[in-house]
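Here's a quick briefing to read alongside the structure. Have the sequence open too, and take the topics one at a time.

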Amino acid sequence: MKEIFLVLVPTLTIVPTAIAAAFAMRKISYTAIEGMTRQPEVAPQLFTAMIVAMALVEALVIYCLVIALMVAAKI
Amino acid sequence: MSEIVQHYLPYIIIFNFTLVAVVLIVLGIVATHRKLEEVPDPIQNVAEFALEWFVRRARAIHPDGVTVIAPFLASLFLFILFSNLLAAVSFPIIRIPPTSYYGGTLTLALIAMFGTTFISAKFMGARGAIKHLFWPNPLQLVTKVSDTLSLSLRLFGNIGGEFLVVLLVVKAAPYGIPLVIHTLGLIPAFIQPLVFTLLTSNFLAEAVHTDKKKAEVDIQTSPPFSAVAEGKGAHGS
């Protein structure tokens with residue numbers, strides 16, 4: 001029983017977070033690319049802002065990845 | 001990873017960091033001890049492009065701080081980039097990137113945060129730098145700690161996760177497929193140093209920022225009130 005939980009908990013930690021982050025990143029990149037095509041002269045600034053915003057979203061996934069690794073290390 | 005490698009992992013990380021530092025120093029000596037041309041050849045062109053990017057960012061943070069801020073950001077960027085690229089070297093010990101170990105990334109994040117504080121102390125005085133930690137909000141000290149954690153965890157998660165995936169895939173399918181995973185792993189290896197440097201420069205701009213400078217810039221860039229009232233803004237016509 002305990003082994004099942006130790007396999008399930010990291011999986012259930014990381015998978016919903018990855019799905020949520022995928023939606024957030026879709027929104028970010030969609031908006032940024034739309035802005036870039038609309039105004040190509042501000043494309044470098046938008047690209048920088050897009051990378052930073054994506055990094056902030058990604059950090060949340062990585063917190064969950066660290067938690068999942070900590071749980072998985074206990075197997 | 002075998003037992004022996006696991007046991008000596010901290011020493012391997014230190015060795016790899018030293019290796020990266022030596023490679024960077026040698027590259028720097030080679031790049032600067034050659035005849036610089038008016039019309040640059042490809043190597044000089046790439047070096048000048050990279051340098052110019054950092055100089056522009058440093059000038060945006062503080063106009064007088066180019067000689068301090070640009071080398072700080074550039075050395076962080078190059079060090080992390082070359083550490084990440086060690087994963088692509090297929091040599092038994094050297095192929096472990098030091099940034100896939102939490103101690104290594106925490107060290108880099110601490111260097112970035114302490115460097116930020118010291119540079120802000122250089123421009124605003126020690127009192128100004130300490131005041132920035134507590135004023136206007138005492139929770140800024142907590143922000144410093146959480147920023148350090150998030151910087152180090154982001155780098156560790158990306159590079160370490162990629163490295164872990166490669167190890168697992170090699171166990172499952174030893175030939176062919178790991179090459180694809182390795183190639184995909186080169187993307188975060190280039191993006192992550194960029195993100196690290198960008199965030200560090202954002203923290204730096206926040207710490208060095210003075211109200212007086214911002215007020216001057218606002219006055220220079222914003223159109224006079226009468227022009228706005230008549231519908232002839234800065235972007236008018």
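Before anything else, a handy definition: two residues are in contact if their C-beta atoms, placed from the backbone, lie within 7 Å. With that in hand, leave aside the neighbours of B:Q44 within four places in sequence, and B:Q44 is in contact with B:L36 and B:E37. Keep in mind that this is a predicted model, so local features need pLDDT of at least 70, side-chain atom pairs count only at pLDDT 80 or more, and totals for chains, interfaces and linings use all residues. As for labels, residues are numbered from 1 along each chain as its sequence is written, while chains are lettered from A and ligands numbered from 1 in the order in which they are written.

**How confident is the model?**

- The model scores ipTM 0.78 and pTM 0.81.
- Chain B averages a pLDDT of 82 (pLDDT is the predictor's confidence in each residue, from 0 to 100), and 88% of its residues score at least 70.
- Confidence in chain B is highest in helix 4, at 91, and lowest in helix 9 (residues 225–229), at a mean of 45.
- Over residues 222–237 of chain B, the pLDDT is below 50, and this stretch has seven contacts in the model beyond near neighbours in sequence.

**Chain A**

- You'll find two helices and zero strands in chain A; helices (H or I, at least four residues) and strands (E, at least two) are DSSP runs, numbered from the N terminus.
- The radius of gyration of chain A (taken over C-alpha atoms) is 17 Å, well over the 11 Å that the globule rule gives for 75 residues, so chain A is more spread out than a compact globule. That rule is 2.2 Å times the number of residues to the power 0.38.
- The C-alpha trace of chain A spans about 60 × 15 × 10 Å along its principal axes.
- Of the 75 residues of chain A, 9% count as buried. A residue is buried if 20 or more other C-beta atoms lie within 10 Å of its own, exposed if 12 or fewer, and partly exposed in between, with C-beta atoms placed from the backbone.

**Chain B overall**

- Chain B has nine helices and zero strands.
- Of the 237 residues of chain B, 26% count as buried.
- Take the contacts in chain B with a separation of 6 or more: residues 24 or more positions apart account for 67% of them.

**Helix 3 of chain B**

- Helix 3 (residues 42–61) of chain B has 20 residues and reaches 29 Å from its first C-alpha to its last, close to the 28 Å expected at 1.5 Å a residue. The expected span is 1.5 Å times one less than the number of residues.
- Which residues of helix 3 of chain B are buried? They are B:F54, B:R57, B:A58 and B:I61.
- An α-helix has 3.6 residues a turn, so residues three or four places apart point the same way.
- Turned away from that buried side is a face with the exposed residues B:P42, B:N45, B:F49, B:E52, B:R56 and B:A60.
- Helix 4 (66–85) and helix 7 (177–208) of chain B are among what covers the buried residues of helix 3 of chain B.

- B:Q44 sits in helix 3 of chain B and is partly exposed, with 15 other C-beta atoms within 10 Å.
- B:I191 lies in helix 7 of chain B and counts as partly exposed, because it has 16 C-beta neighbours inside 10 Å.
- From C-alpha to C-alpha, B:I191 and B:L81 are 8.9 Å apart in space, though 110 residues apart in sequence.
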